[in-house]
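Reader: I am new to reading protein models, and I would like to learn how to look at one feature after another. Could we go through this one together?

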Amino acid sequence: MILSQFLVLAAALFAFGVYGLLVRRNLVLILLSVELMLAAVNVNLVAFESYLVTSQAIGQVFAIFVITVAAAEVGIGLAIVLMIFRNRRSANVDDLSLMRW
Amino acid sequence: MTIADWISEPVNWVFSAIGLAVLFSGFRVVTSKNVVHAALYLVGALAGIAALFLVLSAEFVAWSLVLVYIGAVIVLFLFGIMITRAPTGLDVGLDSEHKAVPAVLAVLVFALMSWASIDAFGSASITSTGTPTSTELIGESLLGRFVIPFEVVSFVLLGALIGGITLARRDLTPLEEEERASV
């Protein structure tokens, strides 16, 4: 195994996430794309940990932090989407033009 | 390391199989026309990533990924999809019409990141010891060197919990509040 194969795979996943973030118009699907990007970052962290083999497993600890923060982000994100949907009857980002001049 | 060397390692076959599955699932997450399918493809992608973590002998992270993402986050997503009544059938208005610029941007991001990785690390190899990173080590690290971030993250989760409840709660109408007060 070489390190680069994991990094390239993570880069591809991250690029998919970027594409989804820009193309999707449904808020829930945009959050899904963000999850894909965070997962790509986790792949990088764990691969670097296996490459460097730190004495305190720092890469894996950071991956766990990323997972935790991502879970919090999804909870809040979906609550906000729910709130927007309740007020605007839509979860489409193109309809949310209130703050655009 | 030559390509022949790379292919001769059986672990790389496993990596290729899982990697292709992850890439396919990831691609379908952002292109699927069906919202529920997109969420379920994310399950596939994350399961593949957890398998890659097992290949990298990161057992604890792999299982917490399965537990947190596949067990909890995806369920939240499915709830979100069903509550917002996102179009669950084939739908035309799910994606923006302007796909060329995001596609070019994504390819550029991929090219830049993979070029930088390959340029920096080349064929630096990971020597897998075969023994998984012990959970004891991660626990000692979490409650030793990283105890402050650990506590901060627990407050983040608490804040997210309270914030989520507050945001998603339906406010009572004045009439309902009166009724409740009279009881």
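This is a predicted model: local features need pLDDT of at least 70, side-chain atom pairs count only at pLDDT 80 or more; totals for chains, interfaces and linings use all residues.

Reader: What radius of gyration does chain A have, and what would a compact globule have?

Author: The radius of gyration is taken over C-alpha atoms, and the globule rule is 2.2 Å times the number of residues to the power 0.38. For 101 residues a compact globule would come out near 13 Å, but chain A has 17 Å. The C-alpha atoms of chain A fill a box of roughly 50 × 25 × 20 Å along the principal axes.

Reader: What span should α2(A) have, and how far apart are its end C-alpha atoms?

Author: The expected span of a helix is 1.5 Å times one less than its number of residues. The 26 residues of α2(A) should therefore span 38 Å, and its end C-alpha atoms are 38 Å apart, which agrees. In chain B, the 21 residues of α3(B) should span 30 Å, and the ends of α3(B) are 31 Å apart, which also agrees.

Reader: Which residue follows α2(A), and what is its phi?

Author: A:Val53 follows α2(A), with a positive phi near 50°, and it lies in the loop between α2 and α3 of chain A. A:Ala57 is found in that loop between α2 and α3 of chain A, and its phi is near 55°, a positive value in a residue other than glycine. In chain B, α3(B) is followed by B:Ser57, whose phi is positive, near 55°.

Reader: Is A:Val53 buried, exposed or partly exposed, and what about A:Ala57?

Author: A residue is buried if 20 or more other C-beta atoms lie within 10 Å of its own, exposed if 12 or fewer, and partly exposed in between, with C-beta atoms placed from the backbone. A:Val53 is partly exposed because it has 13 other C-beta atoms within 10 Å, whereas A:Ala57 counts as buried because it has 25 C-beta neighbours inside 10 Å. Over chain A, buried residues make up 58% of the 101 residues, and in α2(A) 20 of the 26 residues are buried.

Reader: Which residues touch the most other members of the largest nonpolar core?

Author: In soluble globular proteins, nonpolar side chains tend to be buried together. A nonpolar core is a set of buried Ala, Val, Leu, Ile, Met, Phe, Trp, Tyr and Cys residues joined through C-beta atoms within 7 Å. Of the 74 residues in the largest such core, A:Leu13, A:Val28, A:Leu32, A:Val43, B:Ile49 and B:Phe53 touch the most other members. The element that gives the most to this core is α1(A), with 15 residues.

Reader: Which residues is A:Leu13 in contact with, beyond its neighbours within four places in sequence?

Author: Two residues are in contact if their C-beta atoms, placed from the backbone, lie within 7 Å. Leaving those neighbours aside, the contacts of A:Leu13 include A:Leu36 and A:Val43, and also B:Val22 and B:Gly26. A:Phe14, in helix α1 of chain A, is buried, with 24 other C-beta atoms within 10 Å, and, not counting residues up to four places away in sequence, it touches A:Met37, A:Ala40, B:Val109 and B:Met113. In helix α3 of chain A lies A:Val61, which, with neighbours within four places left aside, is in contact with B:Ile138, B:Ser141, B:Leu142 and B:Phe146.

Reader: How many residues of chain B are in contact with chain A?

Author: There are 77 residues of chain B in contact with 60 residues of chain A. Ala, Val, Leu, Ile, Met, Phe, Trp, Tyr, Cys and Pro count as nonpolar, Asp, Glu, Lys and Arg as charged, and the others, Gly among them, as polar. By these classes, the side of chain B that touches chain A has 54 nonpolar, 19 polar and four charged residues.

Definitions and conventions:
Residues are numbered from 1 along each chain as its sequence is written. Chains are lettered from A and ligands numbered from 1 in the order in which they are written. Helices (H or I, at least four residues) and strands (E, at least two) are DSSP runs, numbered from the N terminus.
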